[in-house]
Amino acid sequence: MSRIITLSEFILDRQHEFPHATGELSRILGAIELASKVVSREVNKAGLAEDILGAMGSENVQGEQQQKLDVVANELFMNAMKGQGEVAGVASEEDEHYVVFETDRAKQGNYIVTMDPLDGSSNIDVNVSIGTIFSIYRRVSTGALKPEDFLQPGTAQVAAGYVVYGSSTMLVYTTGHGVNGFTLDPSIGTFCLSHPDMRTPEQGKIFSVNEGNYNDFSEGVRTYIDACKERRYSARYIGSLVADFHRNLLKGGIYIYPGTTKAPQGKLRLLYEGNPLAFIAEQAGGMATDGSQRILEIQPEQLHQRCPLFIGSKAMVEEAAKA
Ligand code: AHM
Ligand code: MG
């Protein structure tokens, strides 16, 4: 049997690749790993918790109100980030404002995290894959945590990753030195390296887009979708960005959430959906644009800013952006 490499071992082994190798980033990644295992457990028993136990009343056996899974995931990740002292604050899709953990600068961490704790909200209650997405940045301000700490372009990310809660739970991350994927072995509760040095095919045959919005897309996007059909590419759209992105990363393909006439900036959020996945896509040899600009170079102006997203295999993203 070949030796199993656990995520914890891997993070420590690669610590030297990081210019500020003090162990802080490793501890943050370790905290994310732990929180994602707990979320994975909660996701797996979601039907039980909400339908069967919930049928006994809206309170659980301890007399507490049942909480929605996205709220639970947000709390779990927030607590994990707060608990280990390296993270000064977190911007989450679930919270309107960023959360500051400690007001005394001397005690504040050097990093900030942006995250979508449970992405794919329409799939949470219907037993379809969902995910967590995160980005880690070094803070740039010196005094109290400021908006500019969160409004950094994606090129400033020091690490980014996602967890997909699918037929198995996988954690995929990058620190800018390639992309590695780990599968959770539930029998031992450990993420094990299963997809070392992930590379995405230059060209794929899958296109993922919500075609229900076709009539609201620009002519260019419609032309590209028509070309995909002309070539008999496969249409695959789960409606969970992480799961759609993950499949296309492995098999080759493009995910598109363009602007529409009603929503010119599309639906997805730059800080915790576009940027982290764009970092991973590029590190795996793929590409991500908003149709005209590299996602990672967009200067964010708002925490929950939206951006059109064309992401995946390089040749496909180039062609779609040109159309
Ligand atoms: P969410 O953060 O509320 O879950 O929204 C993001 C999700 C993505 O995971 C998914 O790709 C997209 O929204 C699906 O949107 P639509 O239903 O418009 O196709
Ligand atoms: Mg989301």
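How far does a backbone N or O atom of S121 lie from an oxygen atom of ligand 1? I looked, and the distance is 2.8 Å.

**Ground rules.** I am working with a predicted model, where local features need pLDDT of at least 70, side-chain atom pairs count only at pLDDT 80 or more, and totals for chains, interfaces and linings use all residues. Residues are numbered from 1 along each chain as its sequence is written, chains are lettered from A and ligands numbered from 1 in the order written, and side-chain values use heavy atoms, with hydrogens and water left out.

**Entry 1: ligand 1.** K267 puts a polar side-chain atom 2.9 Å from an oxygen atom of ligand 1. For E273, a side-chain N or O atom is 3.3 Å from a ligand oxygen. Taken alone, ligand 1 exposes 470 Å², and the protein buries 84% of that (areas by the Shrake-Rupley method with a 1.4 Å probe).

**Entry 2: the shell.** I found 15 residues around ligand 1, the closest being D119, Y237, L241, Y255 and Y257; a residue is included if one of its heavy atoms lies within 4 Å. I sorted the shell into 5 nonpolar, 5 polar and 5 charged residues. Here Ala, Val, Leu, Ile, Met, Phe, Trp, Tyr, Cys and Pro are nonpolar, Asp, Glu, Lys and Arg charged, and the others, Gly among them, polar. Strand 3 (111–119) and strand 11 (254–257) each supply at least two shell residues; strands are DSSP runs of E, at least two residues, and helices runs of H or I, at least four, numbered from the N terminus. Ligand 1 lies between domain 1 (7–195) and domain 2 (206–322), because both give residues to its shell. The bounds come from an automatic or database domain assignment.

**Entry 3: R306.** I found R306 in the loop between strand 12 (287–289) and strand 13. Is R306 buried, partly exposed or exposed? Its relative accessible area is 34%, so R306 is partly exposed (buried is under 20%, exposed over 50%, with a 1.4 Å probe and protein chains only). A polar side-chain atom of R306 sits 2.8 Å from the backbone oxygen of K267.

**Entry 4: S313.** I placed S313 in the loop between strand 13 (309–312) and helix 9 (314–322). S313 counts as buried because its relative accessibility is 0%.

Technical notes:
A polar contact is a pair of N or O atoms within 3.5 Å; within protein, one must be able to donate a hydrogen and the other to accept it, and residues adjacent in sequence count only if both atoms are side-chain atoms.
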